[in-house]
Amino acid sequence: MDAYYKSLLNKNKAWVAETLSKDEKFFDKLSEGQQPPLLWIGCADSRVPANQIIGAEPGEVFVHRNIANLVVHSDMNMLSVLDYAVNVLKVKHVIVCGHYSCGGVQAAMTNNSYGVIDNWIRHIKDVYRFHSEELDSIKDENDRLSRFVELNVVEQVYDLAKTSIIQQAWRNGQKIEVHGWVYSLANGIIKDLDVSFSNDSQLEETYKLNL
Ligand code: CO
């Protein structure tokens, strides 16, 4: 058996032992259920582990990750996670967290073809089209990518607010805030893009639903 693979199960046993040494009731408490205050929608990138970078404990963050942290309105996986988080777990915050140097966003800046994923990346290309004037005016390629990463997060936050799930929650008087963040792989710091909102006032008229 591959040594790396084998080491994973050994590390699990070590983690259990260490966790129990700090709190012998740890697993008893988590077995009772979860009440996370936060839904995290992040990139699948292995360098952006949701819990670790915000110092969150098991039971604290409900997580959905995909390539380039997209909120695609017809994605049943994302919608199911969102519905469960909002309507069953009653999370208070939904955070879309992108990261600088995102390979998915970078791919959307090129005309390269990578196979099936081209169709996923296309959603990010739509973000470029919406903001092409601003992005085209940034001459430095790295700066343009960084801004594209930020604008991609902003659009996903709006896409969250456009979902019937979030709009219905607001209509019901549920306190739920959506936020947009970008994580830096270079220094570990998260930038809050200040696009948080907790009602549909910033939503364009065409997306508002009479619920
Ligand atoms: Co990424």
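**Figure 1. The whole chain.** Nine helices and five strands make up the protein chain; helices (H or I, at least four residues) and strands (E, at least two) are DSSP runs, numbered from the N terminus. This is a predicted model, in which local features need pLDDT of at least 70 and side-chain atom pairs count only at pLDDT 80 or more, while totals for chains, interfaces and linings use all residues. Residues are numbered from 1 along each chain as its sequence is written, and side-chain values use heavy atoms, with hydrogens and water left out. Read from the N terminus, the order of elements is α-α-β-α-β-α-β-α-α-α-α-α-β-β. A box of roughly 55 × 45 × 30 Å, taken along the principal axes, holds the C-alpha atoms of the protein chain. The protein chain has 211 residues, and 40% of them count as buried, where buried means under 20% relative accessible area, exposed over 50%, and partly exposed in between (1.4 Å probe, protein chains only). Of the contacts in the protein chain between residues at least 6 apart in sequence, 64% join residues at least 24 apart; a contact means heavy atoms within 4.5 Å.

**Figure 2. The cobalt site.** Three protein donors, Cys43 (SG), His99 (NE2) and Cys102 (SG), lie 2.1 to 2.3 Å from the cobalt ion. Donors are N, O and S atoms within 2.8 Å of the metal (3.2 Å for Na, K and Ca); water is not among the atoms, so sites may look incomplete. Along the chain, the donors of the cobalt ion have the spacing C-x55-H-x2-C. Cys43 counts as buried because its relative accessibility is 7%. His99 and Cys102 are both buried as well.

**Figure 3. The surroundings of His99.** His99 is part of strand 3. With a relative accessible area of 1%, His99 is buried. When neighbours within four places in sequence are left aside, the contacts of His99 are Cys43, Asp45, Arg47, Val48, Asn69, Val149, Val182, Tyr183 and Leu185. Asn69, one of these contacts, sits in the loop between strand 2 (61–66) and helix 4. Asn69 is buried, as its relative accessible area is 2%.

Figure 4. How many disulfides does the structure hold? The structure holds zero disulfides, a disulfide being a pair of cysteine sulfur atoms within 2.5 Å. The cysteine sulfur closest to that of Cys97 is in Cys43, 9.5 Å away, so the two are too far apart for a bond. Cys97 is buried, and its relative accessible area is 0%.

Figure 5. Most residues other than glycine have a negative phi. Asn69, which is not a glycine, has a positive phi of about 45 degrees. Lys90, also a residue other than glycine, has a positive phi near 55 degrees. Lys90 belongs to the loop between helix 4 and strand 3. Is Lys90 buried or partly exposed? Lys90 is partly exposed, because its relative accessible area is 43%.

**Figure 6. Leu38 in strand 1.** Strand 1 (residues 38–43) includes Leu38. At 11% relative accessibility, Leu38 is counted as buried. Not counting residues up to four places away in sequence, Leu38 touches Ile54, Glu60, Val61, Phe62, Val91, His93 and Ile95. Leu38 and His93 are 55 residues apart along the chain, and their C-alpha atoms are separated by 4.9 Å.

**Figure 7. Helix 9 and its cover.** Helix 9 spans residues 164–171, and Ile165, Ile166, Gln167, Ala169 and Trp170 in this helix are buried. The cover over the buried residues of helix 9 includes helix 4 (76–88), strand 3 (93–99), helix 8 (141–162) and strand 4 (177–183).

**Figure 8. Val195 after strand 5.** The segment after strand 5 (190–192) contains Val195. Val195 counts as buried, since its relative accessibility is 13%. Leaving aside neighbours within four places in sequence, Val195 is in contact with Val154, Val157, Val178 and Gly180. Between the C-alpha atoms of Val195 and Asn111, residues 84 apart along the chain, the separation is 30 Å.
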